Amino acid sequence: MQFRLTLAQNLPNRDPSALSVTYTYGDGQQTTWPVQAIGPDRDRAVLVVDCAADLIHQPDVSTRELTSHYPVMPTTVVTRITSVQPVATATPIYQMEESMSTPYQIVIAMEQATVTALTNDHYYLYGFKAVKASGATGAPLVWFRSAHFGLKTELEWSEQYQAYTTTEQIIPRGRITATNPYDIDLDQTLNVTGTDGTGSVDTQSGTSEAISIDNQTSTQFTTGISQVQPGGTVTPMCAFNLYGNHLDLIVPIEQVLLMFSTEPVDTGTVIEQAYSNGLLVDLTASNSRKVGYDINSGWTWGGAAWGRPVPPRTDLVPLLIQQGPRLQQQSAVARRAGLTAGAS
């Protein structure tokens with residue numbers, strides 16, 4: 001059977017002599033299976049493998065890890081697996097899985113001279129995603145990074161989300177890893193019940209148009225939501241403080257900040273200030289936008305209201321972590337309702 005493994009980080013840029021997958025279950029027991037690689041994606045963060053065991057329908061799985069074996073040091077590299085899917089759902093880079101959710105697209109047009117300059121000078125294309133929040137302290141994260149672009153670059157994604165918790169702190173240039181990721185949709189709630197940040201998703205209750213994370217412990221965590229990005233990987237796009245016995249509400253909005261830079265910053269990194277000229281693209285009224293970029297003159301979009309230039313050194317926090325008083329009220333009401341229900 002073939003499976004598509006989405007990894008928490010890129011594989012090393014060398015061919016392994018062997019690969020294996022290890023599942024750790026809720027009772028602490030482990031099972032390891034050998035797997036054969038069919039092919040990674042360009043950024044080595046997605047791997048299609050062949051395995052005799054069913055890697056999807058395994059009960060009570062706590063963690064999934066891929067071990068790459070090499071003939072020279074380091075002889076083994078362990079990489080966390082964030083999701084396992086049937087290979088039938090695997091799609092090429094910059095194309096998302098077909099689903100009932102709304103597809104979104106940004107097309108970037110560039111001249112050959114610009115593409116050549118960006119490539120020769122080792123530029124990356126970075127993307128950030130905006131959200132509305134309920135008032136907790138938060139920070140934007142690098143949503144995607146790619147060195148693959150051309151005369152016509154099509155970025156495509158859809159509304160596929162995860163909520164996560166982690167104990168990593170929100171610090172400038174720090175990297176947030178979604179230690180405990182859970183598939184979730186709007187109007188649903190991640191109930192955090194374990195002191196390690198684990199929990200379960202309540203698909204029957206939540207706040208309208210928001211993703212709720214309800215910390216039912218007295219332990220403080222970092223939380224946020226992830227979304228499948230144009231490269232096909234689920235990556236965090238924001239991070240918030242989740243205090244003990246608090247409820248965070250996060251509303252994803254279709255606003256994407258694009259920028260080119262030579263800064264080698266990983267996805268999931270806390271970036272609070274723009275490090276080059278960027279363009280904030282609003283797709284709330286249309287799921288497809290066309291923009292242009294020139295290495296000397298910057299971004300063009302016809303001057304429409306859905307585009308907003310973002311100069312270097314702009315504070316990205318208020319731009320991408322938008323506060324909503326209505327969400328704060330909803331958060332308080334929802335939290336009180338949950339406490340009342342728990343006491344009854």
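User: Which residue in β22 is the bridge partner of Q105?
Analyst: The bridge partner of Q105 is S288 in β22. Please keep in mind that this is a predicted model.

User: Thanks! How many bridges join β7 to β22, and do they run parallel or antiparallel?
Analyst: Strand β7 (residues 103-109) and β22 run parallel, and five bridges join them.

User: What about β22 and β23, how do they pair?
Analyst: That pair is antiparallel, with three bridges between β22 (residues 288-294) and β23. In one spot D294 stands opposite G298 in β23. The link from β22 to β23 is a hairpin through three residues.

User: And in what order do the strands of that open sheet come?
Analyst: The order is β11-β7-β22-β23, four strands in an open sheet with mixed pairing.

User: Which strands stand at the edges?
Analyst: The edges are β11 (152-158) and β23 (298-300). Each has a single partner strand, so one side of each is left without a neighbour in the sheet.

User: What does the twist average from one strand to the next?
Analyst: The twist averages 25 degrees from strand to strand.

User: Let's zoom out. How many helices and strands does the chain have?
Analyst: The protein chain has three helices and 25 strands. Of its 344 residues, 50% are buried. Among contacts with a separation of 6 or more, 70% are between residues 24 or more positions apart.

User: On to packing. How many residues are in the largest nonpolar core?
Analyst: The largest nonpolar core has 42 residues, and those with the most contacts inside it are I106, I108, L258, V291 and W299. Strand β20 (residues 247-261) supplies the largest share of this core, four residues. There is also a second, separate core of 19 residues, with Y25, C51, A53 and V84 among them.

User: What is I106 in contact with, leaving aside its neighbours within four places in sequence?
Analyst: With those neighbours left aside, I106 is in contact with T153, E154, L155, W157, V256, L258, V281, L283, R289 and V291.

User: Changing topic: where are R173 and R313 found?
Analyst: R173 is in the loop between β12 and β13, while R313 is in the loop between β24 (307-310) and α2 (317-320).

User: And what is phi like in those two?
Analyst: Phi of R173 is near 70 degrees, a positive value in a residue other than glycine. Phi of R313 is also near 70 degrees, again positive in a residue other than glycine. For context, most residues other than glycine have a negative phi.

User: Why does R313 count as exposed but R173 as partly exposed?
Analyst: R313 is exposed because its relative accessible area is 63%, and exposed means over 50%. R173 comes to 47% relative accessibility, so it counts as partly exposed.

User: Last one: is G194 buried or exposed?
Analyst: G194 is buried, at a relative accessible area of 13%. It is found in the loop between β14 (188-192) and β15. Leaving aside neighbours within four places in sequence, G194 is in contact with T217 and F221. G194 and N215 are 9.0 Å apart, C-alpha to C-alpha, and 21 residues apart in sequence.

Methods:
Residues numbered from 1 in each chain as written. Predicted model: local features only at pLDDT ≥ 70, side-chain atom pairs only at ≥ 80, totals over all residues. Heavy atoms only, no water. Core = buried A, V, L, I, M, F, W, Y, C linked by side-chain atoms within 4.5 Å. Buried < 20%, exposed > 50% of the residue type's maximum accessible area, 1.4 Å probe, protein only. Helix = DSSP H or I, 4+ residues; strand = E, 2+ residues; numbered from the N terminus. Contact = heavy atoms within 4.5 Å. Pairing = 2+ DSSP bridges. Axes fitted to C-alpha atoms, helices over the stretch in contact; angles between N-to-C directions.
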